[in-house]
Amino acid sequence: MSSALTDLFPHPIVQAPMAGGPSGPQLAAAVSDAGGLGFLAAGYKTADGMYQEIKQLRGLTGRPFGVNVFVPQPEHSGASTGSIGAAGAAPLSAAVDLYAQQLAGEATWYETELGDREHGRDDGYDAKLAVLLDDPVPVVSFHFGVPAREVVDSLHRAGTFVLVTATTVDEALAVERSGADAVIAQGVEAGGHQGSHRNASAGDGAGIGVLSLVTQVRETTGLPVVAAGGIMRGGQIAAVLAAGAAAAQLGTAFLATPESGAHALHKQALTDPLFTHTELTRAFSGRQARGLVNRFLREHGPYAPAAYPEVHHLTAPLRRAAAKAGDPQGMALWAGQGHRMARALPAGQLVEVLVAELDAAATALSAHSAFGGDPR
């Protein structure tokens, strides 16, 4: 399967599906045309919005591409499956109420209202699957959980490869049991939302680095692995391939490209000395996500409840207003730990540079081995 999947794209480079605007048809087409695997992010879009982007992408490239879908969140977002009753939901609701009170000053400052926390939990999941089964795409990936076995089987019958994100070995084993074709092993270095299958508070801030995770998943499951997390250079791609990955998924590396739909302030912030580091936070969405540390993250991160997507919907108008006001201190500046290595190259050129760096790293490793580990 690994060779069948990677036969779709000549270079072992997958462009991460970054929801909220960055990963649109232009970026996906540029990456796919350059020999990588471009991805559309269906998260936060309607099923029709996703379909229209797929149509647009097909008009831009004849190369294979993927579409990423969010797995529906259970009624209580700290659980992995099912839901809990009112007794368990009440404390969570109260925590969201308290967080909304804390954000009232932000709403006043940005002259907007807080969002509707009851906007919806399933992100149009069934409708999106119906579109993807009616008009199949080469690859579909899933984030925030594992799709049901019947969903995976249906996509397989449609001729679609299925990938699922995992952040631990146990999650990777669950992906294997689902019948998926490959696992995206997402290290803690990754920007944006961690694809954890649970949104539990225990262990916040902890996580496994991508190299350790790839190795453990390869030794524990029989699935091909796509490595994700902080990868910005071809040498790092070589490292995860050496660890056993079949390909590398890069998000932040493509965020600064002209084809990326990220806000200009977001792109600038990646290399702005004002933003020195990243942290995992629930401040903007109620789920663990890595972003550049700004005022909003510092002030509200410690108090944000583990309530996704309620907090996401609650803060959405604040984030839009901050962007409109040109204030990056109120925006969700998602970024991986390697953000300062971002290069504002056209996406196709960036793929070419990454491939050249990968080849150079492979050549250096070969020379190192030829000299018995000592190139002198």
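Visitor: Is E171 buried or exposed, and which side chain of opposite charge is nearest?
Guide: E171 is buried (under 20% relative accessible area, with over 50% exposed and partly exposed in between, for a 1.4 Å probe and protein chains only). E171 has no salt bridge, and R198, the nearest side chain of opposite charge, is 7.4 Å away. A salt bridge needs a side-chain nitrogen of Lys or Arg within 4 Å of a carboxyl oxygen of Asp or Glu. Lys and Arg count as positive, Asp and Glu as negative, while His and the chain ends are not counted.

Guide: A word on the source: this is a predicted model, where local features need pLDDT of at least 70 and side-chain atom pairs pLDDT 80 or more, while totals for chains, interfaces and linings use all residues. Residues are numbered from 1 along each chain as its sequence is written, and side-chain values use heavy atoms, leaving out hydrogens and water.

Visitor: How is a pair of aromatic rings described?
Guide: By the distance of the centres and the angle of the planes. Rings of Phe, Tyr and Trp (its six-membered ring) pair if their centres lie within 6.5 Å; planes under 30 degrees apart are stacked, over 60 edge-to-face, and the rest tilted. There are six aromatic pairs in this structure. In one of them, F70 and F144 are tilted, with 4.8 Å between centres and 45 degrees between planes.

Visitor: How buried are F70 and F144?
Guide: F70 is buried at 7% relative accessibility, and F144 is buried at 3%. Together with Y44 and Y308, F70 and F144 form one aromatic cluster.
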